[in-house]
There are 2 protein chains.
Amino acid sequence: MTKLTSLKSEKRLLDRRAADQIRSHILEGVLPAGERLLETQLSEELEVSRGTVRSALAQLANEGLVQQVAFTRWEVSGTSTVDAWEIYTLRGALEGLGARLAAANVTEPDGSRLRGIADDLLHAIREGRFQDATSIDFNLHAAIIELARHERLAEQHRFIVQQVRFHMVQSGFLPNDYEELIAEHKALIEAVIARDADRAEKLARNHNDAEVKLLAKLLKQGGSVKPIREKVS
Amino acid sequence: MTKLTSLKSEKRLLDRRAADQIRSHILEGVLPAGERLLETQLSEELEVSRGTVRSALAQLANEGLVQQVAFTRWEVSGTSTVDAWEIYTLRGALEGLGARLAAANVTEPDGSRLRGIADDLLHAIREGRFQDATSIDFNLHAAIIELARHERLAEQHRFIVQQVRFHMVQSGFLPNDYEELIAEHKALIEAVIARDADRAEKLARNHNDAEVKLLAKLLKQGGSVKPIREKVS
DNA sequence: TGTTGCTTAATTGTCAGCAATCAGCAAACG
DNA sequence: CGTTTGCTGATTGCTGACAATTAAGCAACA
């Protein structure tokens, strides 16, 4: 008997797949902030019924990518400077906890794996593949979170990382000092491997501080705060 | 012009209200863990269509109160010791961040308000109104989080507090050791009012440590994944 | 000119029914 | 006697149609 591949990917519920499609369009910037989403139009394009589209949109609303104005409209959410500050401060707290727990759980092969990913990141940056670098960066953080063996933390982290991506797409934000980035990652990984929980947590939190401080400064300057329509509750 | 009250509460969409109903039944323990939920039955009891019930159940699934087995069934989720450990560690991290930010924002009237709630809590306990005490306890923490002026943090906190309530209901929570609780709250509030961010964060995190340590111990014993008795908050 | 109320087209909210899928059971088979 | 196979009833997944609500345009009017 030859090995068979799971059919689960095919069997995924229609509304989930619809949500996936819309989500990737949003996260790739095809659908910009404020763009109105018509249920009928989406249902035609995706070739599913309106009810299915509705279900998909509800999911995306839970993820914060889309907003619902009752009886009126769906639209792609926008991220303001305040939102960005919220996202990065939350990320710092979650990754701080993650790093602390990871330091308690880490094993020898885990350490090698982390160093391997860090190496990939280094090469991507050195070779100017910044698109890849961003992706590997996310993978590295996800790998640390995974070591925490904390399902809810992982879930929240996936959520907040998606928000980060969402904001990066909308604001055209990119890291500005890759050398610093590499150094910080290196230090964080080594702290985790050394099982130094306090230091790992501190470094994970500091890792987001550059952005947080920049954003806080923008906010004090009374920076750009895009209007955000109120969600229906 | 007199102040008018919003009509939103009346105009809330049907599926949200259905979710509210089912949610409160779950959080009051009327529907125990593992209980199967039939869409048709719920739609008859709530006098709404099955599609509406479906939408409500999807929301509750996002909140972790309900699980979906595709094409087969919906059922009330259960919380294990691992779940409880996750919930309390996450809560510690979130409330730590909240307390830190609250300390930066707190004003004189805010401080009075916090002390007032703490007083209410004290009286409720002294008078043996433990039901109220639990509720006031949650309010106190929510009040601190509110001071952080961090919408996403508040959202996550509401979520995790709901999980705490969920777990308390399922594990047959019984209140005890309220003196320690009062002392810890007092210290936390005063640290926030003193704008001592480091201390406020530390205290907020320690506040959950008793449970976390107990749970970690239970986990190491490799034992009960079944309900256990917890201290409040 | 600006406001008010009506009309209407567009869009979302809800419903009832059909299709797809599954768990359980009993008959067929070795 | 144990295993496999095919049915059956029940339940969830999805769809198309209808109801409720909104926003915009337009006429009436002060």
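Mentor: Start with contact: two residues are in contact if their C-beta atoms, placed from the backbone, lie within 7 Å. This is a predicted model, so local features need pLDDT of at least 70 and side-chain atom pairs count only at pLDDT 80 or more, while totals for chains, interfaces and linings use all residues. Residues are numbered from 1 along each chain as its sequence is written, and chains are lettered from A and ligands numbered from 1 in the order in which they are written.

Trainee: How many residues of chain B are in contact with chain A?

Mentor: Look at both sides of the interface. Chain A brings 19 residues. They are in contact with residues of chain B that number 19.

Trainee: Which element gives the most to the side of chain A that touches chain B?

Mentor: Elements here are DSSP runs, numbered from the N terminus: helices (H or I, at least four residues) and strands (E, at least two). H4, helix H5 (81–105) and helix H8 (151–171) of chain A each give two or more residues to that side. The top giver, with eight residues, is H5(A).

Trainee: What share of the interface residues of chain A are also interface residues in chain B?

Mentor: The copies meet through the same surface.

Trainee: Now the DNA. Which element gives the most to the surface near DNA strand C?

Mentor: Near means that a residue's C-beta atom, placed from the backbone, lies within 6 Å of the strand. There are 21 residues around DNA strand C, with Glu39(A) and Phe71(B) among those that come nearest. The top giver, with three residues, is H4(B).

Trainee: And which element gives the largest share of the surface near DNA strand D?

Mentor: DNA strand D is surrounded by 21 residues, and the closest include Leu14(A) and Phe71(A). Both chains supply elements: helix H2 (14–27) and H4 of chain A, and helix H3 (39–46), H4 and strand E3 (73–76) of chain B, each give two or more residues. The largest share, three residues, comes from H4(A).
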